Amino acid sequence: MPTVAPLDLDGHVVATAFLGDVPFFASASGIIHRLDHGQKATEAHDGLLACVRDEANDTLITGGEDGKVQRIAADGTATVLAEVPRKWISVVAAGPQGAIGFAEGRTARVRLADGTIKEFSESRSVEGMAFAPKGLRIGIARYNGVSLHWVAMAAQPVELEWKGAHNGITFSPDGRFVVTTMQENALHGWKLDPKAGADTRHMRMTGYPAKVKSFSWSAKGKWLASSGAPAAIVWPFSAKDGPMGKPPLELGTRADVMVTCVSCHPAEDVVAIGYSDGMVLAARFADSREVLLRRPGKGAITSMGWNRNGKLLAFASETGDCGVIDLAG
C-alpha cells in the first residue's frame with residue numbers, strides 16, 4: 001500500500017517536481033520549498049507565476065511578478081537568468097542545449113546557454129511556450145494558433161492557424177505532433193511535416209466538460225493524457241495520424257469529481273490522476289486497473305511530479321495541502 005508523507009504549506013502551490021530525489025514545491029508567494037533532510041525554503045520571487053523542470057540541467061526555471069526569470073538548483077540556490085523590469089513573466093519553458101524560454105505580453109524570448117537572448121514578437125499575447133524535442137525550435141501558443149520559430153535562424157516562422165484562444169502547448173516526444181490547450185473545452189493538434197512545416201490536417205480533440213489545464217505524454221509518447229473531465233482523457237498517438245478517428249481512453253472515472261491534473265509515469269504506461277477534491281489515483285493504460293494513492297484532501301490538485309525511477313510521486317494543491325507518495329510503501 002502506498003504511503004503518504006504530508007507537507008502543509010501556506011496558500012496556492014503552482015508546481016512540484018523532483019530534482020534528483022529531492023521534491024520541490026513552488027508556491028505562488030514566490031517561495032520554493034524543498035524536502036531535503038528537513039523542510040527548507042528559497043525566496044525566489046515577489047510573486048511566482050510559472051515554474052517548469054529543466055530536464056537537461058535537473059533544475060527548475062521560474063518566472064514571477066517581479067519580472068525575473070530564475071534557475072533553481074538542487075541545493076535551492078537561485079540564479080537570475082533574465083529580468084524584464086515592471087513586467088510579469090507568466091510563461092516559461094525549458095529546452096535542449098541549455099536554452100530556456102520566457103514571455104510577457106506579446107514578446108517571447110529565448111535565452112541560450114551562453115546568455116544570448118533572442119526575441120520574437122507576436123501579434124497577440126503569448127499564452128504558452130514549448131521547445132521541440134530535436135533542434136532548437138520553439139513553439140508559441142497565442143490567439144488563433146501557434147508560431148514555430150527556429151531560434152538560430154532568421155527565417156520566417158511556420159504559422160499553424162486555428163481560430164480561438166490557445167493557452168498551452170506541447171510537442172510529442174518524437175516531434176511529430178504539436179498540441180495546444182484551448183480557452184474552449186478542447187485540445188487542438190497539428191501533424192508536423194519536416195519538409196513542408198505542417199500537415200494541412202488538423203486534430204480536434206473535443207467533448208470535454210471543462211477546460212483542459214493539464215496534459216502529459218506517456219514515456220514512449222504513444223499516449224497523451226489530459227484533465228478537464230471526470231476522468232483522465234488519454235488520446236492515442238502511436239498511429240501516423242495520431243488520434244484522428246480513434247476514441248480516447250477514459251481512466252479513473254468519478255461521477256461528480258473533476259480531474260484537475262495528470263502526470264505520466266517516467267517508464268511505465270501508467271498515469272497519476274489528481275482530482276478537484278485532492279484525491280490521487282494511478283491508472284494503467286493497458287487494462288484500466290486503478291490504485292488509490294491518496295484519499296481526498298483539501299483543495300484541487302494543481303501539480304504532480306515523479307522522481308526518475310517512478311517510485312516517488314510529489315503532489316501539490318491550490319490550498320498548500322501537499323506531500324510525497326511512496327509507491328513502494
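Which residue takes a positive phi in the hairpin of S11 and S12? Gly 105 does, with a phi near 60°, in a hairpin that has two residues between the strands. Before we go on, a word on the model: it is predicted, local features need pLDDT of at least 70, side-chain atom pairs count only at pLDDT 80 or more, and totals for chains, interfaces and linings use all residues. Residues are numbered from 1 along each chain as its sequence is written, and side-chain values use heavy atoms, with hydrogens and water left out.

**Strand S12 and its neighbours**

Strands here are DSSP runs of E with at least two residues, while helices are runs of H or I with at least four; both are numbered from the N terminus. Two strands pair if DSSP finds at least two bridges between them. Strand S11 (residues 100-104) runs antiparallel to S12, and five bridges join the two.

How covered is S12 itself? Five of the five residues in this strand (107-111) are buried, where buried means under 20% relative accessible area, exposed means over 50%, and partly exposed lies in between (1.4 Å probe, protein chains only). In a regular strand the side chains alternate between the two faces of the sheet. In S12 both faces are covered: Thr 107, Arg 109 and Arg 111 are buried on one side, and Ala 108 and Val 110 on the other.

**An aromatic cluster**

A search of the whole structure finds three aromatic pairs. Rings of Phe, Tyr and Trp (its six-membered ring) pair if their centres lie within 6.5 Å; planes under 30 degrees apart count as stacked, over 60 as edge-to-face and the rest as tilted. Two of the pairs share Phe 237:

| Pair | Centre to centre | Angle between planes | Class |
|---|---|---|---|
| Phe 177 and Phe 237 | 5.1 Å | 75° | edge-to-face |
| Trp 217 and Phe 237 | 4.9 Å | 75° | edge-to-face |

Phe 177 lies in strand S17 (residues 177-182) and Phe 237 in the loop between strand S22 (232-236) and strand S23 (249-251), so their pair ties together parts that are 60 residues apart in sequence. Trp 217, in strand S20 (residues 215-217), is 20 residues from Phe 237, and this pair also links distant parts of the chain. Phe 177, Trp 217 and Phe 237 form one aromatic cluster. Phe 177 is buried at 1% relative accessibility, Phe 237 is buried at 1%, and Trp 217 counts as buried at 13%.

**The sheet of S20 to S23**

Strand S20 brings us to an open sheet of four strands, in the order S20-S21-S22-S23 with antiparallel pairing. S20 and S23 are the edge strands, each pairing on one side only. S22 and S23 pair over three bridges in the antiparallel sense, and Ile 233 has Glu 250 in S23 as its bridge partner.
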